[in-house]
Amino acid sequence: MSLLMATFTIGLILSVLAIGVLISFRIFNFADITSEGSLALGASVAAVLITSKSFGPFTVLFISAAAGAAAGALTGVLHTKFKINALLAGILVMTALYSVNLHVMGKSNVALMNEETIFTLFNKHLSISETVNETVKISGFLVNLKDLSSALLSLVGAFVCGLALYLFLKTKLGVAMRATGDNTQMASALGVNTDLMVISGLAIANALAALSGALLASYQGFADVQIGLGMLVWGLASVIIGETLVRDKSIGLAITAAVMGSIFFRLLVAIALRFGMNPNDMKLITAVFVLMALIIPELGKKNKLTESRIVKTN
Amino acid sequence: MLKLINLYKTFNPGTPDEVRALSGVSLSIAAGSFTVILGTNGSGKSTLLNAVAGTFTLDSGVIELDGRDITGMPEYKRAAYIGRVFQNPFSGTAPNMTIAENLSVASMRGKTRGFSPALSSAAAAGFYERVKSLNMGLEDRLDNNIGSLSGGQRQALTLLMACLNKPRLLLLDEHTAALDPKTGAKVLELTRSVIEKDNLTTFMVTHSMQQAVNLGDRIIMVYKGKLIHDFSGADKKALKPRDLYELFEEIKRRELIDPGVCDILKANYV
């Protein structure tokens, strides 16, 4: 049961990343690999600030997100103002961030033992002890209270991020941002500062990635410079699985779908690991999975085309 | 109100693909006038329109709109004064957004976009009325994605969007050329009524002599990046499509003469 709660919690924490990937992948139509660096940046910044004890857990999350936003904005500037291919701009910033993250932490990982994080703060408010393992019975299952509160907090976090993004994309600014990704020529002709839209869109996407990283570090109790590795593919998998689960493409459902996709994917991974999958194969299987999810709809289209052709010739 | 002073633009300079698209175009357009630009393929007529819209930077020359120098102004800032409809019916709308959302983007042309909801009920009601005025039955499909509509419907919506906030200048770039004749005629009729209703200053590029003769109060012919004819007032009214065809024939003859004359000169003198 503890494993299941942890699966849900991590799935929810990474769904914040998935929502960010949704912006770059579905609004601007490219996979922004800056997210991997931003996630690690968020984790590094959060870990260092938490151990320094100079800011409250909430402030730490905001600063981490702001750092991610700066990274995303940099990718946006490289892409729009210096006309560097979006994918390459992301790779450049991600690579640079690896060194930045090492400098931020001063070493390759930072442990957060007995530090006050957003999760321990939440436990404190709910009067849940950090040391004693209290449990509660939910429909016959024994659930650790700490696990439950962490899952609850992650759910609140994912919900707030998802709702904020949903509301933003329905504003005049948000609609202009979507138009920029959908048809740049049209947006520009209607007076939208398209460069600014791309820059701020990527800033939001990477702020979410960094926030996800900060939450992940707080939850796991450590930050590692490698924490972001493979996370973009993870985000893509979540978005794609979500789209398969929820076939509607409206904004609200797309965001909900990304969150669901993230939880579902984490669940699949947990099950696979439980049944003896070699953890070393995880990234390979994730990548193959995303590849298949990308290819299968295209194959479906081709089949339909050939079918309609056959019908016509008949 | 629109003044073009000595515009020059060469694409791909110094390469074999060098194109002198504008070579010294000067033109002044009065407020409320409807100017039609005619020219053969590659004559520079679309380039002229794009120069006004600001899609590229000029090599030299000055563009003034309402006495304000807009030469260095980026495209999206000029859009505050300029409404545009493109040749490709798919260029002017965002396919994966609903009709209402597209109109919402257009309704903020020239205004500051903030964090207020894009589709308030008041705005939606306004959009409903405007779309209804197209008489295409699209007002009941405001929440459908524009990508599901036909080219003609999308072009009609693009025109509506370009004029949603009255533009100082309307740029039409062969906007009916890609439509079938019936739909094209409908969009053209719509164009005429919109322009008359708001007394818009219009700058239209076309291939069609018939359109040029029927519409507008001034015809400008462009050839090799230069203005070669300019008819307005009574001259414009007296023009028949046949006169324009003859002018085009004359251009063709000129083009034929060039290499021919070269050969003769070579044979005689080299």
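**View 1. Overall dimensions of chain A.** Chain A contains 12 helices and 4 strands. Its radius of gyration is 20 Å, in agreement with the value near 20 Å that a compact globule of 314 residues would have. Along the principal axes, the C-alpha atoms of chain A occupy a box of roughly 75 × 45 × 35 Å. Of the contacts in chain A with a separation of 6 or more, 77% are between residues 24 or more positions apart.

**View 2. Confidence in chain A and the segment 309-314.** The mean pLDDT of chain A is 89, and 95% of its residues reach 70 or more. Over residues 309-314 of chain A, pLDDT stays under 50. For this segment the model has 0 contacts beyond four places in sequence. Where pLDDT is low, predicted coordinates should not be read in detail.

**View 3. The contact between chains A and B.** Chain B contributes 26 residues to the contact and chain A contributes 21 residues. On the side of chain B that touches chain A, helix 2 (75-78) and helix 3 each supply at least two residues. Helix 3 of chain B gives the largest share of that side, 4 residues. By residue class, the side of chain B that touches chain A comprises 13 nonpolar, 8 polar and 5 charged residues.

**View 4. Overall dimensions of chain B.** Chain B has 9 helices and 10 strands. Its radius of gyration is 21 Å, close to the 18 Å that the globule rule gives for 270 residues, so chain B is as compact as a globular protein of that length. The C-alpha atoms of chain B fill a box of roughly 80 × 40 × 35 Å along the principal axes. Of its 270 residues, 40% count as buried. Residues 24 or more positions apart make up 71% of the chain B contacts with a separation of 6 or more.

**View 5. The open sheet of chain B.** Six strands of chain B form an open sheet with mixed pairing, in the order 6-7-8-3-9-10. Strand 6 (82-85) and strand 10 (226-232) are the edge strands, each pairing on one side only. Neighbouring strands are turned against each other by 20 degrees on average, direction ignored. Helix 5 (residues 151-162) of chain B packs on the sheet and touches strand 6 and strand 7 (169-173). The direction of helix 5 makes about 175 degrees with that of strand 6.

**View 6. Two strand pairs within the sheet of chain B.** Strand 3 (residues 34-39) and strand 8 (residues 202-206) run parallel and are joined by 5 bridges. In this pair, B:Val36 stands opposite B:Met204. Strand 9 (residues 218-223) and strand 10 run antiparallel, with 6 bridges between them. Here B:Ile219 stands opposite B:Phe231. Strands 9 and 10 form a hairpin with 2 residues between them, and B:Lys224 in the turn has a positive phi of about 50 degrees.

Conventions:
Residues are numbered from 1 along each chain as its sequence is written. Chains are lettered from A and ligands numbered from 1 in the order in which they are written. This is a predicted model: local features need pLDDT of at least 70, side-chain atom pairs count only at pLDDT 80 or more; totals for chains, interfaces and linings use all residues. Two strands pair if DSSP finds at least two bridges between them. Axes are lines fitted to C-alpha atoms, for helices over the stretch in contact, and angles run from 0 to 180 degrees between N-to-C directions. Two residues are in contact if their C-beta atoms, placed from the backbone, lie within 7 Å. The radius of gyration is taken over C-alpha atoms; the globule rule is 2.2 Å times the number of residues to the power 0.38. A residue is buried if 20 or more other C-beta atoms lie within 10 Å of its own, exposed if 12 or fewer, and partly exposed in between; C-beta atoms are placed from the backbone. Ala, Val, Leu, Ile, Met, Phe, Trp, Tyr, Cys and Pro count as nonpolar, Asp, Glu, Lys and Arg as charged, and the others, Gly among them, as polar. pLDDT is the predictor's confidence in each residue, from 0 to 100.
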